[in-house]
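This report describes one protein chain through its side-chain contacts, its fold and its surface. The sequence and structure are shown first.

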Amino acid sequence: METEFGPGDFRAKYFDCGPRQTYIERIDKLRAFIPEHAGSLASLAIKFVLKDPGVTSALVSMHVKKFAEENIRALEESPLSDEVFDDLRRHYRWIRNFYHPKVL
């Protein structure tokens, strides 16, 4: 929660649509799925989007080797069950338009 983003880092403005604590609380609730259903929060996110039959690929950051390797390892984990996918989709969904109305 103390993370500060430097000048020119898009993340400095990307998450300023509301109190940072709101984001942290929502993320903390997802930790209940770790490690039973995914090895990390990043893995949970990747497995979630790939479970949807309408998604054919997931775009993830690959510019930091450690995170790229973690993202690749997520593909080696078993897929989310239908029950966990539905639970996440129904109870943890947060429709948020990060691009409205400000200019990044």
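## Polar contact of S43

The side chains of S43 and E77 make a polar contact at 2.8 Å; the term denotes a pair of N or O atoms within 3.5 Å, where within protein one must be able to donate a hydrogen and the other to accept it, and residues adjacent in sequence count only if both atoms are side-chain atoms. S43 is located in helix 3. Helices (H or I, at least four residues) and strands (E, at least two) are DSSP runs, numbered from the N terminus. With residues up to four places away in sequence left out, S43 touches A38, A74 and E77, a contact being heavy atoms within 4.5 Å.

S43 counts as buried because its relative accessibility is 2%. The classes are buried (under 20% relative accessible area), exposed (over 50%) and partly exposed (in between), with a 1.4 Å probe and protein chains only.

## Basis of the values

The model is predicted: local features need pLDDT of at least 70, side-chain atom pairs count only at pLDDT 80 or more, and totals for chains, interfaces and linings use all residues. Residues are numbered from 1 along each chain as its sequence is written, and side-chain values use heavy atoms, with hydrogens and water left out.

## Salt bridges

The count of salt bridges comes to five, each defined as a side-chain nitrogen of Lys or Arg within 4 Å of a carboxyl oxygen of Asp or Glu. E77 also takes part in one of them, with K47, where the closest N and O atoms are 3.2 Å apart. This pair links distant parts of the chain: E77 lies in the loop between helix 4 (65-74) and helix 5, K47 in helix 3, and 30 residues separate them. E77 is partly exposed because its relative accessibility is 26%, whereas K47, at 8%, counts as buried.

A salt bridge also joins the side chains of D86 and R89 (3.3 Å, N to O). These two residues are three apart in helix 5, so about one helical turn separates them. D86 is partly exposed at 27% relative accessibility, and R89 is partly exposed at 33%. D28 and R31 form a further salt bridge through their side chains (3.0 Å, N to O); D28 is partly exposed at 40%, as is R31 at 46%.

## Aromatic pairs

Two aromatic pairs are found in the whole structure. One of them, F33 with Y92, is edge-to-face, with 5.2 Å centre to centre and 80 degrees between the planes. Rings of Phe, Tyr and Trp (its six-membered ring) pair if their centres lie within 6.5 Å; planes under 30 degrees apart count as stacked, over 60 as edge-to-face and the rest as tilted.

The pair links distant parts of the chain, 59 residues apart: F33 is in the loop between helix 2 (20-30) and helix 3, and Y92 is in the segment after helix 5 (82-91). F33 is buried at 6% relative accessible area, while Y92 is partly exposed at 28%.

## Fold and surface

The chain has five helices and zero strands. Of its 104 residues, 16% count as buried. Among contacts between residues at least 6 apart in sequence, 62% join residues at least 24 apart. The chain exposes about 8,100 Å², of which carbon and sulfur atoms supply 57%; accessible areas come from the Shrake-Rupley method with a 1.4 Å probe, and for residues only the protein chains shown count as cover.
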